Structure formats: C-alpha cells, structure tokens
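Please read the points below with the structure open beside you. They are meant for a colleague who has not looked at this model before.

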Amino acid sequence: MSKPWDQLTWQEVEIGGVLTEPGTARAYRTGDWRSLHPVWDQRRCIKCGVCWTVCPEAGISELPDGYFDMNDYCKGCGICAKECVTGCISMVPEEM
Amino acid sequence: MAVKASRVGMEVSIAVSIAVQLARAEAIAAYPITPQTHIVEHLSSLVANGELDAEFITVESEHSAMSCSVGSAAAGARTYTATSSQGLALMHEILFIASAMRLPIVMTVANRALSGPLSIWNDHGDIMAERDIGWIQYFVENGQEAFDHSIMAFKVAEDHRVLLPTIVNLDGFILSHVVEAQEILDQETVDRFLPPLVPYHRLDPDKPVTMGAFAMPELYTEFKLAHEMALTRSFEVIEAVWQEWGDLTGRRYRPVERYRTDGARVLLLIMGSLGEVAEVAVDELRAEGLPVGLLKLRLWRPFPFAALREAMAGADLLIVCDRAVSLGGAAPPVLAEVRSALFPLATRPQVLGYLVGLGGRDVQPGAFKDVVRHAQSESQKGPSQEFYWAGARG
C-alpha cells in the first residue's frame with residue numbers, strides 16, 4: 001500500500017473492506033495495549049513450553065537457547081504466569 | 001433473438017422459486033416462515049429431486065440463514081434466501097454485514113406485518129424496519145414482475161460495478177399465494193442473460209484474504225461513503241439490466257412506473273401489489289372526470305430522486321399511500337422520503353400521506369377513491385394533520 005492507511009479516500013478503500021494481503025495483523029502491534037507484561041526468571045524456568053502453549057495470542061516466542069520471552073503481540077493477560085509449572089513468570093507493570 | 005417462453009398459470013411463490021432455479025442458484029440457506037414458506041419449500045424439493053444443483057442448507061433460524069448466506073456468498077457461490085416479517089427482523093444485524101462486505105446475495109421478502117399484535121398478513125412494516133441496511137430494494141406488483149425481478153436481481157447484484165445484496169419485496173399472501181398467468185422463460189434464454197457468477201473477492205485457500213475485518217475510526221467513514229456511492233451508482237446498472245430484459249422479453253421496467261399520468265393534477269403513489277387495485281380506482285375516478293393518475297415506486301433503494309421529480313411534474317396534489325407506520329415520527333417511511341425528495345424544488349405539489357392496508361386489512365378500489373376525495377378536500381381547506389390513518393375507526 002503506497003499511501004498510509006489512515007489517509008485513504010473512499011475511492012481507494014478496498015471493496016467490502018477485504019484485506020487482500022495475508023498476515024497484515026503482524027503490522028499491528030497489539031502489545032501496545034498492555035498494562036502488564038510477563039517476566040521470566042530463567043533460574044527457575046525448565047523450558048517446558050507451557051507458557052508458549054497456553055498463550056491465546058501467540059504473544060510468546062521461543063528464544064534460540066530454548067527459553068521463552070514475550071513478543072510485540074503480548075497483551076499482558078497473565079495466563080502464562082498463572083499456568084507456569086514452576087511459577088517462574090511474574091507480571092510486571094508497564095513503565096510509562 | 002428468439003425467446004422461448006411458456007405462459008402458464010402458477011402460484012407466484014412457485015414462479016419465484018422457478019426463477020431462482022433458472023438463475024442456477026448454488027447455495028440456498030433458509031428457514032420457513034409464513035408467507036414465504038412455499039418459495040423455499042419448492043426450492044428444497046427442486047434440490048432434493050436433482051432438478052437444481054445447489055446446496056440447500058436447513059438452518060435453525062433466520063439469523064443463521066443470513067449468516068450462512070454471507071458465508072456461501074463469500075465463498076463465491078450464487079446465493080439465495082427468502083424470509084418474511086419476524087424472520088427478517090431476526091436477520092437484522094447480519095443484513096448490514098452482508099452489504100458492507102459487498103456480497104451479492106439475492107433475497108425475496110414476502111412482506112408481512114411485524115408483531116405485535118401478532119399478524120401473519122401483509123403490510124410493509126417488516127422491510128421498512130430494514131430500510132437502511134444498504135441493500136438494493138425493489139417492490140413488485142404481480143407474479144410476472146416477481147419472476148422477472150428474481151432473475152434480474154442476480155445480474156445487477158453480481159455486476160462488479162455494483163456488488164450489493166438485493167431484496168425483491170413482494171406482498172405476502174395477496175401476491176405470494178395467488179395463482180397468475182406468467183411467462184416462464186426457458187433455461188437457455190436465462191443462461192444467455194445471466195452468465196455464471198464471477199466473484200470479485202472470494203475465500204480461497206490458494207489466495208488468502210481477510211473478510212469482515214474491523215475498521216479504525218480513521219477509515220469507517222470512508223467505507224460507509226464507498227458503500228453509499230456503490231448503492232447510488234447501482235442505479236445505472238439497474239436501468240441497463242432492465243433495458244436488456246426489456247429487449248429480451250418486451251417487458252420494460254422503470255424506477256417509478258406511471259399509470260394514466262398524462263394531464264393528471266392529482267397523483268396517487270404506492271408500492272407493491274396494491275398498485276393494480278389503485279389502477280382500478282384511477283380508471284373509475286377518470287371516468288367521473290377527475291384528472292387522477294398513479295405512480296408506482298418500483299425502486300426503493302437506491303431511491304430514484306430524479307425519476308420521481310420528473311414523474312410528478314405537473315401535479316398539484318401528490319397522495320402517498322404508506323403500508324408501514326413510523327410511530328412518533330414526522331411521517332410514515334415513503335411519505336417522509338417523498339417529502340424530502342421534493343422539498344428542495346422551487347415548485348412542488350402539495351404532498352399528503354395516508355396509511356393504508358396495515359396488517360392485511362383489505363384495500364379495495366373504493367378505499368383509494370375515498371383517499372383521493374378526502375385528500376382533495378383537505379388540500380382545499382388546508383391539511384389538518386401531517387398524515388392520515390385511512391379507514392381507522394374512532
């Protein structure tokens with residue numbers, strides 16, 4: 001899209017509001033909304049991946065060394081912290 | 001071009017279902033409701049008997065019927081459904097979504113009063129509650145028009161300059177259940193007129209798209225304006241398709257039909273099957289020497305502003321007959337629309353409104369004659385009301 005989406009005219013918006021390009025949600029960093037975010041204590045993490053499995057928003061990514069961390073799409077719901085087997089995840093307020 | 005057609009007597013509902021069969025509908029999701037039932041029952045039989053190659057999806061409600069129709073149209077299937085009254089009301093939220101997604105679904109609404117009190121009989125209360133859904137909306141007067149419009153509706157809706165769902169309104173019972181002589185076209189002719197649907201966008205795993213996404217405040221207005229422009233501009237395609245149909249069948253349609261309007265100083269205006277009753281009233285009043293004519297509004301959305309202004313030229317008094325109420329409002333829906341359409345004009349006729357035929361109350365030619373005489377009298381002495389409840393006791 002050559003023009004910023006918020007400057008499109010009625011003639012330029014796609015018929016039916018269809019998004020013709022797949023994966024556009026990636027460009028919208030839903031993590032901007034969160035008020036809390038998870039922090040992993042790697043000393044207690046056993047790399048089981050339960051946090052990654054239960055995350056409803058694919059907001060957790062696996063790191064190259066097998067540990068986990070949030071990504072730009074984590075909304076801070078805290079399910080990972082609740083379900084973590086060893087209790088290694090704590091929810092920390094966003095800094096302004 | 002030779003047109004093969006047979007003239008047969010049949011119930012209008014059956015003729016509509018045959019039109020949908022001839023249009024080669026590919027997906028039909030419907031829930032039976034009086035007085036639409038015969039249409040979808042017959043389509044169900046046609047599918048079950050192998051006479052129509054379509055998915056007939058039985059659903060548990062009209063909300064699901066319209067949701068299903070959105071899905072099948074999004075998948076690129078020529079989609080048809082039909083409903084009435086409470087069923088249409090139950091579809092309400094999905095009707096806006098179907099049109100905003102620009103899916104060319106065709107639906108017959110066998111018009112019926114809304115509850116309450118519970119009424120299965122005919123008026124236009126059901127469709128007037130759905131006035132602003134952004135669909136193309138026609139009204140038909142007789143069985144032949146119902147058959148013709150049920151085929152033409154697909155061609156207009158699917159045109160890539162239009163891409164809008166469409167409702168063909170036909171009066172419940174007093175039109176849907178009558179047996180009339182109708183010219184039924186053959187399959188070859190309909191195939192020539194109506195080519196297979198070419199979807200503009202469709203759900204396709206090989207070319208994924210997102211449908212029904214949200215719009216941020218920065219875009220919602222532009223989407224609504226694009227929808228409005230598509231609906232108003234569909235007028236040209238509607239007229240072109242009517243022209244083509246006229247060349248094919250000899251039956252020509254106009255957005256505002258006229259009956260004996262030459263020299264008319266008083267004009268009645270109505271939508272739907274009561275037009276033929278009003279014709280009788282006009283004939284009788286003309287015989288009495290009264291210069292009365294009749295306008296029949298065929299196209300409700302997009303509203304034919306220019307055609308209406310042209311059609312009423314020369315009249316001193318325009319009498320709008322509504323078949324739905326707008327409780328607590330300025331005027332019933334058609335009257336409100338017509339007044340708005342004429343208001344900017346430097347010279348315009350006096351416009352008076354009458355509510356007729358609510359909840360299936362029989363309207364005979366005499367009722368229209370009474371309305372005309374009452375309107376003339378009110379016009380002379382200055383109207384006492386914004387609009388009148390014709391024939392209401394008390």
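1. The model is a predicted one. With those names in place, B:A129 can be located: this residue sits in the loop that joins α5 and β6 (136-139) of chain B.

2. Is B:A129 buried, exposed or partly exposed? A residue needs 20 or more other C-beta atoms within 10 Å to be buried, and 12 or fewer to be exposed. B:A129 has 17 C-beta neighbours inside 10 Å, so this residue counts as partly exposed.

3. Setting aside neighbours within four places in sequence, B:A129 contacts B:A89 and B:L114. B:A129 and B:H92 lie 37 residues apart in sequence, while their C-alpha atoms are 9.0 Å apart in space.

4. Helix α4 of chain B covers residues 85-100, and its 16 residues should span 22 Å at 1.5 Å a residue; the end C-alpha atoms are 22 Å apart, which agrees. Just after α4(B), B:R102 has a positive phi of about 60°.

5. Which residues of α4(B) are buried? They are B:S85, B:G87, B:L88, B:M91, B:L95, B:A98 and B:S99. In an α-helix there are 3.6 residues a turn, so residues three or four places apart point the same way. The partners against which the buried residues of α4(B) pack are α3 (62-74), β4 (79-83), β5 (106-111), α5 (125-128) and α8 (217-249), in chain B.

6. Chain B has an open sheet of seven strands with mixed pairing, in the order β3-β2-β4-β5-β7-β6-β12. The edges are formed by β3 (55-58) and β12 (299-301) of chain B; each has a single partner strand, so one side of each has no neighbour in the sheet. On average, neighbouring strands of the sheet are turned by 20° against each other, direction ignored.

7. Within this sheet, β5(B) pairs with β7 (residues 166-171) of chain B in the parallel sense, over six bridges. B:M107 is placed opposite B:I167 in β7(B). Helix α3(B) packs on the sheet and touches β2 (27-30), β3 and β4 of chain B, with its direction at about 165° to that of β4(B).

8. How many residues does each chain bring to the contact? Chain A supplies 13 residues and chain B supplies 19. On the side of chain A that touches chain B, eight residues are nonpolar, four are polar and one is charged.

Key. Residues numbered from 1 in each chain as written. Chains lettered and ligands numbered in written order. Predicted model: local features only at pLDDT ≥ 70, side-chain atom pairs only at ≥ 80, totals over all residues. Helix = DSSP H or I, 4+ residues; strand = E, 2+ residues; numbered from the N terminus. Expected span 1.5 Å × (residues − 1). Contact = placed C-beta atoms within 7 Å. Pairing = 2+ DSSP bridges. Axes fitted to C-alpha atoms, helices over the stretch in contact; angles between N-to-C directions. Nonpolar A, V, L, I, M, F, W, Y, C, P; charged D, E, K, R; others polar.
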